[in-house]
Amino acid sequence: MDNVEIVKVTEIDEAIVRLRSDGIVHVHYKEHTEITVDLQIKMYEIFIQMCGDVKRPFLFTAEDYVTVGKEARDNAIKMEDRYVGAATAVVANTVAYKLIANFYVKVNKPKNPFRVFNTEAAAIKWLKNHFKN
């Protein structure tokens, strides 16, 4: 794995958000988390505190049984213009997560670079091409 330091960490019941020394924001959702509109708002506030006005690459990983409600999927489109991500990489290591992530890309067509990966290492490599620390 890569050798980076963690610059900032915020942990809530549903997730851990880490700002890495290479500029990547790593969002890790905990097991059995349901991503709702309320959680999206809470996460957005954490992202602003973590990044300020700097657009950064985001890495999303998740433990088992993380779900995204329909309202949250619809809300993600509305929040996209305020999103502080320069690029987004999602690690989908199960068939279910790959289906959800690829469905999001095809239906919502994110404005910023967005890709789905099988491994964290591949996702990080791609993200480093979208942000110069």
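Six strands form an open sheet in the order β1-β2-β3-β5-β7-β8, with mixed pairing. β1 (6-11) and β8 (114-117) are the edge strands; each has a single partner strand, so one side of each lacks a neighbour in the sheet. From one strand to the next the twist averages 20°. Strands, here and below, are DSSP runs of E with at least two residues, and helices are runs of H or I with at least four residues, both numbered from the N terminus. Two strands pair if DSSP finds at least two bridges between them.

The model is predicted: local features need pLDDT of at least 70, side-chain atom pairs count only at pLDDT 80 or more, and totals for chains, interfaces and linings use all residues. Residues are numbered from 1 along each chain as its sequence is written, and side-chain values use heavy atoms, with hydrogens and water left out.

Within the sheet, β2 (residues 15-20) and β3 (residues 25-29) pair in the antiparallel sense over five bridges. In this pair L19 stands opposite V25 in β3. β3 pairs with β5 in the parallel sense, again over five bridges, and Y29 stands opposite A62 in β5. Five bridges also join β5 to β7, and these strands run parallel; here L59 stands opposite A89 in β7. Six of the seven residues of β5 are buried, so this strand is largely enclosed by the rest of the structure. Buried means under 20% relative accessible area, exposed over 50%, and partly exposed in between, with a 1.4 Å probe and protein chains only.

Helices lie across the sheet. α1 lies across β1, β2, β3 and β5 and runs at about 20° to β2. Helix α4 (residues 120-128) lies across β2, β3, β5, β7 and β8, running at about 165° to β7. Axes are lines fitted to C-alpha atoms, for helices over the stretch in contact, and angles run from 0 to 180 degrees between N-to-C directions.

α1 also meets α2: their axes come within 9 Å and cross at roughly 35°. V37, Q40 and Y44 of α1 make the contact with E71, A72, N75, A76 and M79 of α2, where contact means heavy atoms within 4.5 Å. By class, five of these residues are nonpolar, two polar and one charged. Ala, Val, Leu, Ile, Met, Phe, Trp, Tyr, Cys and Pro count as nonpolar, Asp, Glu, Lys and Arg as charged, and the others, Gly among them, as polar.

Helix α2 also holds I77. I77 is partly exposed, with a relative accessible area of 38%. I77 and K109 are 32 residues apart in sequence, and their C-alpha atoms are 9.0 Å apart in space.

The model has one cavity of 30 Å³ or more. A cavity is a set of points, on a 1 Å grid over the protein atoms alone, where a 1.4 Å probe fits but cannot get out; lining residues have an atom within 4 Å of a point. The largest cavity holds about 860 Å³ of space, a volume being the space filled by probe spheres set on grid points joined across faces, edges and corners. Its lining has 32 residues, of which I35, F60, A76, Y104 and F114 are the closest to the centre. At least two lining residues come from each of α1 (37-51), β5 (56-62), β6 (67-68), α2 (70-79), β7 (85-91) and α3 (95-108). α3 gives the largest share, five residues. The lining divides into 25 nonpolar, five polar and two charged residues.

Technical notes: 1 Å grid on protein atoms, 1.4 Å probe; cavity = no way out; pocket = protein on both sides within 12 Å on 5 of 7 lines; lining within 4 Å.
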